[in-house]
Amino acid sequence: MKAEREGRKKERKREMCFFDDEKFKKNLTFLSLSLSFHHRPQLPLFQLSYLLEVLTSKGLVDAATAEAVEEFISANQAFDPTAPGNEPKPPRAAPSSVSAAAPAAAAAAPAAPAPKPKKRLPFEERASLAQCPAGKALFELMARKRTNLAVAADVPSTDAVLALADAAGPHIAVFKTHVDAQDRWTEEDAAKLTALAQKHDFMVFEDRKFADIGNTVVSQYGSGPFKIADWSHLTNAHLLPGPGIIDGLKSVGKDKQRGLLLLAEMSSAGALTDEAYAAKVAAAAEANLDFVCGFISQRPLTWPVAPSPGLVHMTPGVQLAPGGDALGQQYNTPEKVVVQEGCDVIIVGRGIVKAADPGAAAKEYRQAGWAAYEQALK
Ligand code: BMP
């Protein structure tokens with residue numbers, strides 16, 4: 001029996017190896033990445049349909065099962081098929097026409113071009129596709145206030161942070177903090193920032209970049225000196241420790257309606273976040289849409305699979321002119337990151353905080369960011 005099972009396994013493995021067209025490999029990779037993170041199976045179902053079609057064609061799934069799975073897929077679409085990057089793929093041969101000759105045909109077929117979004121969805125529509133309440137609130141806020149600007153409050157004191165929140169507040173969607181870089185962070189300071197967020201209608205994002213095991217991040221996020229989950233609508237994490245970090249943060253933040261951004265790509269020179277890493281991060285996000293609201297991204301249009309449109313892309317390393325600093329930071333313009341690279345929110349620090357009049361600079365970046373967003377919709 002065991003030998004028979006092993007034989008069948010080997011046979012299947014051999015059959016799968018015949019499918020060496022790039023697209024199929026990409027689908028399989030994404031599927032396995034998704035499965036490895038699937039606490040809830042929210043896979044992009046176009047990928048599943050394709051996989052099913054191939055498995056049916058090889059007789060590895062029978063027709064009745066295939067039909068039942070197809071029905072399940074169409075009844076459980078978590079992906080928006082009309083969303084950028086999720087358009088139906090070019091027609092392929094019907095399963096029944098795939099015969100013993102298929103592997104050769106598949107090998108000979110030219111690799112399908114990477115999907116390029118034709119049209120981006122407006123924030124209003126993406127709000128309705130967001131499953132994480134904080135992500136939904138962010139899309140709604142950006143549409144209502146007509147700004148996709150986040151200011152990075154990298155200023156030397158807590159008083160300066162609060163002054164910046166008041167000056168830039170009218171122009172921003174998100175106020176990004178590094179409270180562990182401040183001279184003081186008390187519950188009273190947090191309450192003052194919360195009041196400014198309400199006054200000016202912005203969300204707060206503590207850029208904590210969690211990177212530890214689930215058990216440790218629970219206390220780093222929920223307690224400790226900063227009690228981040230109590231006042232910050234958004235925070236972020238690296239996926240390096242594996243999905244337990246999401247579970248840990250979610251156990252603290254989900255009931256408070258907080259949202260998590262996963263760092264998929266970084267702006268600094270030599271960052272180790274390549275496309276394959278971004279794909280793993282995207283799969284982890286798809287498996288946690290109730291709490292993960294988006295990504296820290298640089299060029300999401302180059303990712304192997306377009307993430308769900310309900311997920312936001314927030315992008316640091318932005319100034320009005322391209323360039324960099326002496327420590328590896330790299331800057332692109334709002335037009336480049338939003339129109340050409342597919343990002344949604346521009347995160348601007350020194351371009352605003354070092355300006356003689358940060359409020360006026362915020363206004364200028366707001367206009368540039370929004371013009372780029374409107375251009376991207378065309
Ligand atoms: P600035 O525009 O001054 O370079 O600031 C960028 C801000 O974004 C900083 O607060 C930094 O910590 C953050 N950031 C970044 O620059 N690159 C990343 O990949 C991720 C970040 O959070």
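Visitor: Where in the chain is the place of S157?

Guide: In this predicted model, S157 has its place in the loop that runs between β1 (149–152) and α8.

Visitor: What makes S157 count as buried?

Guide: The relative accessible area of S157 is 19%, and a residue is called buried when that value is under 20%, so S157 falls on the buried side of the cut-off. Leaving aside residues up to four places away in sequence, S157 touches Q182 and D183.

Visitor: How do you know that the side chain of S157 makes a polar contact with the backbone nitrogen of A160?

Guide: The side chain of S157 reaches that backbone nitrogen of A160 at 3.0 Å, and a polar contact asks for a pair of N or O atoms within 3.5 Å, so the distance meets the limit.

Visitor: Why are α8 and α9 called roughly parallel?

Guide: Helix α8 (residues 158–168) packs against helix α9 (residues 187–200) at an angle of about 10°, and their axes are 9 Å apart. Because angles under 35 degrees count as roughly parallel, α8 is described as roughly parallel to α9.

Visitor: Which residues make that contact, and of what kinds are they?

Guide: On the side of α8 the contact is made by T158, L162, A165 and D166, while α9 contributes D189, K192, L193, L196, K199 and H200. Sorted by kind, the residues of this contact divide into 4 nonpolar, 2 polar and 4 charged.

Visitor: Why is R126 called buried?

Guide: R126, which lies in helix α6 (residues 123–129), has a relative accessible area of 7%, and since buried means under 20%, the name applies to R126. Apart from residues up to four places away in sequence, R126 touches L121, F139, P309, G310, L311, V312 and D344.

Visitor: How many residues surround the ligand, and which are the closest?

Guide: The ligand is surrounded by 13 residues, of which the closest are D154, K176, K209, S267 and Y331.

Visitor: How many helices and strands does the protein chain have?

Guide: The secondary structure of the protein chain comes to 16 helices and 10 strands, and of its 378 residues, 50% count as buried.

Key:
Residues numbered from 1 in each chain as written. Predicted model: local features only at pLDDT ≥ 70, side-chain atom pairs only at ≥ 80, totals over all residues. Heavy atoms only, no water. Axes fitted to C-alpha atoms, helices over the stretch in contact; angles between N-to-C directions. Helix = DSSP H or I, 4+ residues; strand = E, 2+ residues; numbered from the N terminus. Parallel < 35°, antiparallel > 145°, perpendicular 65-115°, else oblique. Contact = heavy atoms within 4.5 Å. Nonpolar A, V, L, I, M, F, W, Y, C, P; charged D, E, K, R; others polar. Buried < 20%, exposed > 50% of the residue type's maximum accessible area, 1.4 Å probe, protein only. Near = heavy atom within 4 Å. Polar contact = N/O pair within 3.5 Å; in protein donor to acceptor, adjacent residues only side chain to side chain.
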